[in-house]
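Hi,

Here is the structure you asked for. My notes on what I found follow below it.

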Amino acid sequence: MSKKRDRKSNTGIGAVWHRLKKNKLAVVGLIIVIALLLTSVLAPWIAPYSYDEQDASSSLVGPCKEHLLGTDKLGRDILSRLIYGSQQSLKIGLLAVAMAACIGIIIGSIAGFYGGIVDNILMRILDVYQCIPMMLMCIALAAALGAGVINTIIAIGVCTAPGYARLLRATILTVRDKEYVEAARAVNASDFSIIMTQVVPNAISPLIVEITMSIGGAILFVAMLSFLGLGIQPPTPEWGAMLSEGRSYMREHSSLVLFPGICIMISVLAFNLLGDGLRDALDPRLKN
Amino acid sequence: MDNNKLLEIKNLVVQYESDDSVVHAVNGVNLSFRSGETVGLVGETGAGKTTIARSILRILPSPQAEVVSGEILFEGEDLLKLSEKEMRKIRGNKIAMIFQDPMTALNPIERVGDQIAEAISLHNRVTPAEAEERAIKMLEMVGIPGSRYSEYPHQFSGGMKQRVVIAMALACKPELLLADEPTTALDVTIQAQVLELMKALKKQLNSCVLMITHDLGVVASICDSVAVIYAGEIVEYGSLADIFDYASHPYTKGLFASLPKLNSKERRLKPIKGLMPDPTNLPKGCSFCERCGYAKDICREKKPETIEMSPGHYVKCFLIEEVQNG
Amino acid sequence: MADLLEVVDLKKYFKTGSGMLHAVDGVNFSIEEGKTLGVVGESGCGKSTLGRTILHLLDSTGGRIFFEGKDVTNPSKRELGRLRKEMQIIFQDPFSSLNPRMSVSEAIKYPLKVAGGMSSAEMQKQAEKLMDVVGLASRYANAYPHELDGGRRQRIGIARALALNPKFIVCDEPVSALDVSIQAQVLNLMLDLQEERKLTYMFVTHDLSVVKYISDDILVMYLGEVVEKAPSDELFANTLHPYSKALLSAIPVPDIHNITPVIPLRGEITSPIDPKPGCRFMARCPYADEACKKKQKLRELYPGHFVSCCKCEAINSTAN
């Protein structure tokens, strides 16, 4: 193919941002993500009540002036709990994914770069690992380590890491034999330097997309674990736990499950939209 | 104008649109081919060679590429005005194309013979048995034993694959064959075999061939006339002798000077200085003026007209006389 | 002048599913300091593998490599580090040989960074100097490879190879991906650099017209073996091996008055996996007979002109 020289791959951060900006859905996703982050950081200032402030006189009220989204059976303000709940959901989602990414990048880059027997051993271990259903694994880990924030993070992180490792290994295989890697070896660069400067930066784009998308998944997972009583423990507010608590009053007070459900849905959707947009923005070939 | 022209391209302009700029790929090209003639289209990467071939077949990438103006008359009919249905009857039948990379032009999971037979039955009313028979004949014509009909592309070497691609292109005896760098991906000895084959087949079928290449050596060995293209414009057109013995455009001359020659003792080549202009931002005047050693003010201000230097030898340059004298 | 590099009976085999692939099979040659050795052959003849084996980017299967008279076949880690400052490589594909995430100056600084012992200001200065040497305007220092054309990219590749001030450079088809007018610019640059810095090149290519222009000596390879070795002018004036003859005749010459007939070759390159002992060109050679089934040796037929064909005398006397 001739021409279009100037349209060849554009991989700089500026170019990615430029392309991301054009995708309206991705921008919406990004705005929601930023809003969520701000909410969780500013929770003490924007929440009308404290998350554990009980008001026995007004338990299980519907949305009204004092309590915009109503209260739960202990008379706690649902809006405030949702706002504080975003802290937990985001913290666990982000940290769990970050942990998974670290493990995944280390295993994936070693397996992909060295190949051969190292690759074989690592991949077979992951094979065995991935035979265990993820949800079961998560529940087992959470049960074994005990409930709580840190343990939830570890459970989710360990469970999602193999997927990242595989993805990175696959992209590294295509980058490993590029001539610029050979050129780096020809100047006697160490394996570590080659992996960090030549290989990983060129293989990371699909992983970034995957990570963004799975933050949504991780939030869902936190909610699920908490819903089952294995995640965050009361009184710390968490969307999944709130959903679980509200379950018994679902018929009469649907707002107790409706609002946490909407929060989970919106935040998962936002991360997925952002991830989808990033995928298109990071891969110039998909551009039309 | 004689009327035995098979194909005539008139003032073709093609542009590619990208986010914030317009790539001027082909800028007012006029070309015509007679039956049985082989025309070489020579130029560098990005000069617009492939775009011209794709415009003829109407397989430009859409929606980025657009034919802005011009006519492509094939047997007197404007291809650009035909409906997609009519065009499909011409594509692969009356006009066929050979692509540069034989590895990607073949379907890896279909037997090669079937791929040729498919091309035949698409445009001819034949029974499957007849199509197969003709496909075997085509394979044998390009020097592949008919017994290899049922093999898959990966069982063939690069040169063999390109032969299959040629057999497929010639299966319907096209009147015009567009060959886009058909030998660039091949080794020299294999290239020589394929070029010989193309020469022989052309004689046999009396097809007209548009040979797109960057290699003047290939042009010398197979073409009857040559069009030199630079930044989307034909800067020189003439017979083989016109171009090789009386090259007149500074660009054509520069091309010849930058080739390492087998029989010269010089220790330095004479490259053309600079680079092709940015196709999104072409100069106002002659597009070669930035790199031209002869350029004067007029070259930067105005686009040169095409001048007929001698019968059939056209040059697009203001300063032909000066260029010839020095 | 002394030989800078000497290669004795070098072998590189690859294990494949269907047997041993003899990519480089018993190659001998030496290059004098400041000279250029052209290595010519078609795809799959082992020419690129040869270059990479010499640079220790691939481990050799057998044979010896001498650099500046020292045996460097199996270097220690420290020796290898020293060696890699002396020997560099320029790649064919200016697209895949540059890291798309590194700017021009980062790419040129990378070897310096790896070598260590330089402050970042010194490295910056050195990178600027190198860009100037290879004719890259300083305004491109922060550009990324995809923003540049093939010729400029290849100049970055050359600057990177020069960064450690090597004595010997393997040039693996450095101009075959470039347009003719740009190819001439890059070739001239390489010749200028050779003169200024007394560089020794091993120039690997399939393009015979380029190799003739740049080389002092030429090695013709076929299926991992050297079939002919001679000074450049001698090889073109007095081609002896039937394969070299066919290869030469197959180059399309851009001259309509001097079209030489192509010597047709039957078939295609045979498989390099577990080759039979005899002449590897036999299957395609018009002169082959029983005698060719024996192992061929490289013989010196004329001073400095080696050929590995038992029928050479017979072929060339009938031809003349």
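**Charges over rings**

The charged end of Lys12(C) lies over the ring of Phe14(C), 5.0 Å from the ring's centre. A charge counts as over a ring if NZ of Lys or CZ of Arg is within 6 Å of the ring centre and within 35 degrees of the ring normal. In chain B, Arg148(B) sits over the face of Phe156(B), 4.3 Å from the ring centre.

**Ground rules**

This is a predicted model: local features need pLDDT of at least 70, side-chain atom pairs count only at pLDDT 80 or more, and totals for chains, interfaces and linings use all residues. Residues are numbered from 1 along each chain as its sequence is written, chains are lettered from A and ligands numbered from 1 in the order in which they are written, and side-chain values use heavy atoms, with hydrogens and water left out.

The predictor gives the complex an ipTM of 0.83 and a pTM of 0.82. Chain C averages a pLDDT (the predictor's confidence in each residue, from 0 to 100) of 88. In that chain, 98% of the residues score at least 70.

**Aromatic pairs**

How many aromatic pairs does the structure hold over all chains? There are nine. Rings of Phe, Tyr and Trp (its six-membered ring) pair if their centres lie within 6.5 Å; planes under 30 degrees apart count as stacked, over 60 as edge-to-face and the rest as tilted.

One of the nine pairs is Tyr230(B) with Tyr251(B). That pair is tilted, at 4.5 Å centre to centre and 50° between the planes. Tyr230(B) lies in strand β9 (residues 225–230) of chain B and Tyr251(B) in helix α10 (residues 250–258) of chain B, so the pair ties together parts that are 21 residues apart in sequence. Helices (H or I, at least four residues) and strands (E, at least two) are DSSP runs, numbered from the N terminus.

Tyr230(B) is buried at 0% relative accessible area. Tyr251(B) is also buried, at 0% relative accessibility. Buried means under 20% relative accessible area, exposed over 50%, partly exposed in between (1.4 Å probe, protein chains only).

Phe244(B) and Phe256(B) make an edge-to-face pair: 5.1 Å centre to centre, 70° between the planes. Phe244(B) lies in helix α9 (residues 240–245) and Phe256(B) in helix α10 of chain B, so parts twelve residues apart in sequence are tied together. Phe244(B) and Phe256(B) are both buried.

Ring pairs also link Tyr230(B), Tyr251(B) and Phe288(B) into a cluster.

**Sheets of chain C**

One open sheet has four strands, in the order β2-β1-β4-β5, with antiparallel pairing. Two strands pair if DSSP finds at least two bridges between them. β2 (19–32) and β5 (70–71) of chain C stand at the edges with a single partner strand each, so one side of each has no neighbour in the sheet. Strands β1 (residues 3–16) and β4 (residues 62–67) of chain C pair in the antiparallel sense over five bridges. Leu5(C) stands opposite Phe67(C) in β4(C).

Helix α1 (residues 47–54) of chain C packs on this sheet, touching β1, β2 and β4. Its direction makes about 115° with that of β1(C). Axes are lines fitted to C-alpha atoms, for helices over the stretch in contact (heavy atoms within 4.5 Å), and angles run from 0 to 180 degrees between N-to-C directions.

Another open sheet has eight strands, in the order β6-β7-β8-β3-β9-β10-β12-β11, and its pairing is mixed. β6 (87–90) and β11 (299–302) of chain C are at the edges, each with a single partner strand, so one side of each is left without a neighbour in the sheet. Neighbouring strands here are turned by 20° against each other on average, direction ignored. Two bridges join β10 (residues 225–231) to β12 (residues 305–307) of chain C, which run antiparallel. Glu228(C) stands opposite Val307(C) in β12(C).

**Single residues**

Glu86(C) is in helix α2 (residues 77–86) of chain C. Glu86(C) is buried, at 14% relative accessible area. Leaving aside neighbours within four places in sequence, Glu86(C) is in contact with Phe67(C), Pro166(C), Lys167(C) and Phe168(C).

Glu68(C) has a positive phi of about 50°, although it is not a glycine. Glu68(C) is in the loop between β4 and β5 of chain C, and is partly exposed at 38% relative accessibility.

Regards
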